Amino acid sequence: MIIVLNGYPGVGKLTIGQKLAALLNGRLLDIHTVYNVAFALTTFRTPAFMETVEKIEAIAHDLIHQLPPHEPVVLTTVIAGESDWGDAEWNRLVALGDARPPFCVVHISCSLDENINRIQSAGRDQKSKPRDPDMARRNQTQAQPLAGLQAANLLQLDTTALSADEAAQAISQWVQKL
């Protein structure tokens, strides 16, 4: 089982993913685990950055394929709109999901006020995560549709009034019904 938590920065993907992986007795691969190597050693959005991300993802996906088939894997990402890079990223996730079904997509969102509160939370700097409230405002007002709208197993979850535990519980209950 592959569960992709897709959402804009500051909506709670990592925190929910940590809780969800624990609930399902699964693994978590956060997008920042992959991207932080590229952020540290290349310039964002350059060909070297993209190549680095692709190489790290290939290693990670190979390791995921080696896990026992019954072991769920939760991945976090931000893929929205249409671009060659985003489409290629999404296609790699779909291929991974096809190899370890079911492929489950969860679109995570929250209100603008909650997004601003979360994106400014302490500790995000240490994880190389954005903390700019203007980013949350831009994402909320100019958001492109998140990738995965066509997924057979799609859950759209507004976490504004949910704790990370409650959101993880809702996702866990949803995937166990599939």
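Student: Which residues of α3 meet which residues of α4?
Tutor: On the α3 side they are M50, V53, E54, E57, H61, I64 and H65, and on the α4 side W85, E89, R92, L93, L96 and A99, where contact means heavy atoms within 4.5 Å. Helices (H or I, at least four residues) and strands (E, at least two) are DSSP runs, numbered from the N terminus. This is a predicted model, in which local features need pLDDT of at least 70 and side-chain atom pairs count only at pLDDT 80 or more, while totals for chains, interfaces and linings use all residues. Residues are numbered from 1 along each chain as its sequence is written, and side-chain values use heavy atoms, with hydrogens and water left out.

Student: How many of the residues in that contact are nonpolar, polar and charged?
Tutor: The contact of α3 with α4 has 7 nonpolar, 2 polar and 4 charged residues; Ala, Val, Leu, Ile, Met, Phe, Trp, Tyr, Cys and Pro count as nonpolar, Asp, Glu, Lys and Arg as charged, and the others, Gly among them, as polar.

Student: And at what angle do α3 and α4 pack?
Tutor: The angle is about 5°, and the axes of α3 and α4 are 11 Å apart, with axes being lines fitted to C-alpha atoms, for helices over the stretch in contact, and angles running from 0 to 180 degrees between N-to-C directions. That makes α3 roughly parallel to α4, since angles under 35 degrees count as roughly parallel, over 145 as roughly antiparallel, 65 to 115 as roughly perpendicular and the rest as oblique.

Student: What does E54 touch, leaving aside residues up to four places away in sequence?
Tutor: E54 touches W85 and R92, and E54 itself, in helix α3, counts as partly exposed at 34% relative accessibility. Buried means under 20% relative accessible area, exposed over 50%, partly exposed in between (1.4 Å probe, protein chains only).

Student: Where does the charged end of R92 sit?
Tutor: It sits over the ring of W85, 5.8 Å from the ring centre; a charge sits over a ring if NZ of Lys or CZ of Arg is within 6 Å of the ring centre and within 35 degrees of the ring normal.

Student: Changing topic, how many aromatic pairs are there in the whole structure?
Tutor: A search finds 6 aromatic pairs. One of them is Y35 with F49, whose ring centres are 5.5 Å apart and whose planes are at 85°, so the pair is edge-to-face. Rings of Phe, Tyr and Trp (its six-membered ring) pair if their centres lie within 6.5 Å; planes under 30 degrees apart count as stacked, over 60 as edge-to-face and the rest as tilted.

Student: Why does the pair of Y35 and F49 tie together parts that are apart in sequence?
Tutor: Y35 lies in helix α2 (residues 31–41) and F49 in helix α3 (residues 47–66), so the parts joined are 14 residues apart in sequence. Y35 is buried at 13% relative accessibility, and F49 is buried at 2%.

Student: What about W90 and F103, how are their rings arranged?
Tutor: They form a tilted pair, 5.9 Å centre to centre with 55° between the planes. W90 is buried at 12% relative accessibility, as is F103 at 13%.

Student: Is N25 buried or exposed?
Tutor: N25 is exposed, with a relative accessible area of 66%, and its phi is near 55°, a positive value in a residue other than glycine.
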